[in-house]
Amino acid sequence: MMSLLTVEGLCAGYGELPVLHEVSLHVAEGEIVAIVGANGAGKSTLLSAIAGLLRPTAGRISFRGADITGRAAHRGPGAGLAMVPEGGKLFPFLTVEDNLLLGGYTNEDAKARAARLDEAMDTFPILRERRGQLAGKLSGGERQMCAVARAMMSRPALMMLDEPSVGLSPLMVERIFSVVETLVRREKLTVLLVEQNVGEALELADRAYVLDHGAIVLGGPAAELRRDARIRETYMGL
Amino acid sequence: MGTLLSVLLSGLLLGGLYSLVAIGLNLIFGVIRVVNFAQGEFVMLGMYATFVAYNLLHIDPYLAILLVFPLLFVFGILVQRFILQRLQNEPMMQVFATFGLLMLLQNLVLAVTGGAAYSIRTPLSSMAIAVGPVQVSVPRVIALAAVTAVALILQWGLRNTMTGKAVRAVAQDRRAARLMGIDVERTYMLTFGVGAGLAGMAGALLTPIFTLSPQIGGNFILAAFAVVVLGGLGSVPGAYIGGFLIGMTEALAGYYLDPSLKQAAWFAIFIIMLIVRPTGLFGLAGAEEVGLRVQE
Ligand SMILES: Nc1ncnc2c1ncn2[C@@H]1O[C@H](COP(=O)(O)OP(=O)(O)OP(=O)(O)O)[C@@H](O)[C@H]1O
Ligand SMILES: [Mg+2]
């Protein structure tokens, strides 16, 4: 399998504060890869650096064979890289429909965007019901679904998800994850998923990395990590 | 009865002028979150540009809008790109920078003109039409019509075009906007350009009404700030309607209280509003953190 995303020796931080220490990982086409780790481990920082929201201080990020290190974030969606940030980050004073349309801001004409909007609302019927409502008024689960649908609007090759399960009921987590699986199959989507909900994440993912204090300390097939005693003890409380 | 009508009409027309200046100011504040103290000076530049176009090129002041808007649009883009963007991470410095721009532009124009008072007299500028027993000045009616058109077009564009939606997205969450593929810096340039262009347009519309002076921006900017606070920070309809409220207040207070109290009256409203309802008439509660409030 071809590697879609490769990260080598990535260092990044905020001002004087270094957060990531030589992180290396790769994601192959069609995979679901999870990055798990505790609060403050640097998971969001890692995704921000890949998305271009944060300039790395060292290392290299390549996506679809091109070097994208330090590339401006707004060039991501057009090139096939989409991200669902922590909490969804919908535009609260725009309607659900406008939020979704903005997900397709870069690469499609109005007609294609409208068709894609229809597909998104087929995948998430609740969003069709709520299309005229302000996004700020959605429930937690609806918000997360809208955020995923919005990211899908640009037909990304890689979707990065930052803790989609946070604050949701187990049932809702199940639903979101099952949609992600469907999208992977149906759209040949590749997923890089950040989670604190280690049990669920390892169920969904093909492979996983463990991030601890800004460094990758463990990695491998998700099924193996699920059996790993250290993981069970530290992250799953078993 | 005739007097009240006359006072109300003059308030309405004055309000149109205030709205005209306030809309650009509010657009810039709502999206970029910069209070542009130099907005009045942009209006002043628009007036002088119109004056020059009239005297040198013999272009009618209203036709000059086609020249002055693009001129100020480009000027606004340059200010955003080379001054405000460089101070992106220091909001206080941005405010000082616009204040510096205010001083610079005023003194520059003062130096060039030597402080001479210019004015334009076209056939239209002294024309009046009768509304019942009251005569109203045609240039003020034109300004009122223009600001109405601007408010409608702007509101329509913000709601219905992809660029408009992108502008609102940037106002609400710039990080998320970047993740949509929106170039935030370009959106800021566009917004500041349009805000400055509208100030220029306001200048062209004011030129047949007022005598030019380098300090004339000050006459409008204080009222525009009151309008913005009254109508709601970032709201286009708020700036539009707020203008009329301030204009009416000024006219009523000027006639029924005392002419010298007219500005005091809207400052009183301004302060009461800040205390009672800081989001303004059209502001949405909780929206002060996310910027532009376009009514849904
Ligand atoms: N904008 C910021 N400015 C300064 N420091 C930050 C910023 N964002 C995060 N940090 C710090 O960087 C470190 C890593 O944060 P990060 O958000 O990447 O962790 P995380 O693994 O995503 O945590 P969580 O699971 O709580 O979301 C933390 O120590 C945090 O305090
Ligand atoms: Mg995080």
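Leaving aside neighbours within four places in sequence, B:Thr122 is in contact with B:Tyr54 and B:Pro61, contact meaning heavy atoms within 4.5 Å. The model is predicted, so local features need pLDDT of at least 70 and side-chain atom pairs count only at pLDDT 80 or more, whereas totals for chains, interfaces and linings use all residues. Residues are numbered from 1 along each chain as its sequence is written, chains are lettered from A and ligands numbered from 1 in the order in which they are written, and side-chain values use heavy atoms, with hydrogens and water left out.

- B:Thr122 belongs to the loop between helix H4 (91-113) and strand E1 (128-131) of chain B; helices (H or I, at least four residues) and strands (E, at least two) are DSSP runs, numbered from the N terminus.
- With a relative accessible area of 7%, B:Thr122 is buried, a term for values under 20% (1.4 Å probe, protein chains only).

**Interface of chain B and chain A**

- The contact involves 21 residues of chain B and 23 residues of chain A.
- About 2,200 Å² is buried between the two chains, 71% of it on carbon and sulfur atoms; buried area is the accessible area (1.4 Å probe) that two parts lose on being put together, summed over both.
- On the side of chain B, the residues that lose the most area to chain A are B:Met162, B:Leu179 and B:Met180, together 33% of what that side buries.
- The rule finds one salt bridge across this interface, where a salt bridge is a side-chain nitrogen of Lys or Arg within 4 Å of a carboxyl oxygen of Asp or Glu.
- A:Asp98 and B:Lys165 form a salt bridge through their side chains, at 2.6 Å from N to O.
- Helix H6 (162-172) and helix H7 (174-179) of chain B are the elements that give two or more residues to the side touching chain A.
- H6(B) gives the most to that side, with six residues.
- By class, the side of chain B that touches chain A has eleven nonpolar, two polar and eight charged residues.

**Ligand 1**

- Ligand 1 is surrounded by 14 residues, and the closest are A:Asn39, A:Lys43, A:Ser44, A:Thr45 and A:Glu86; a residue counts if one of its heavy atoms lies within 4 Å.
- An oxygen atom of ligand 1 lies 2.4 Å from a side-chain N or O atom of A:Thr45.
- From a backbone N or O atom of A:Gly40 to an oxygen atom of ligand 1 the distance is 2.8 Å.
- A nitrogen atom of ligand 1 is 3.4 Å from a side-chain N or O atom of A:Tyr14.

Terms used: Nonpolar A, V, L, I, M, F, W, Y, C, P; charged D, E, K, R; others polar. Buried < 20%, exposed > 50% of the residue type's maximum accessible area, 1.4 Å probe, protein only. Polar contact = N/O pair within 3.5 Å; in protein donor to acceptor, adjacent residues only side chain to side chain.
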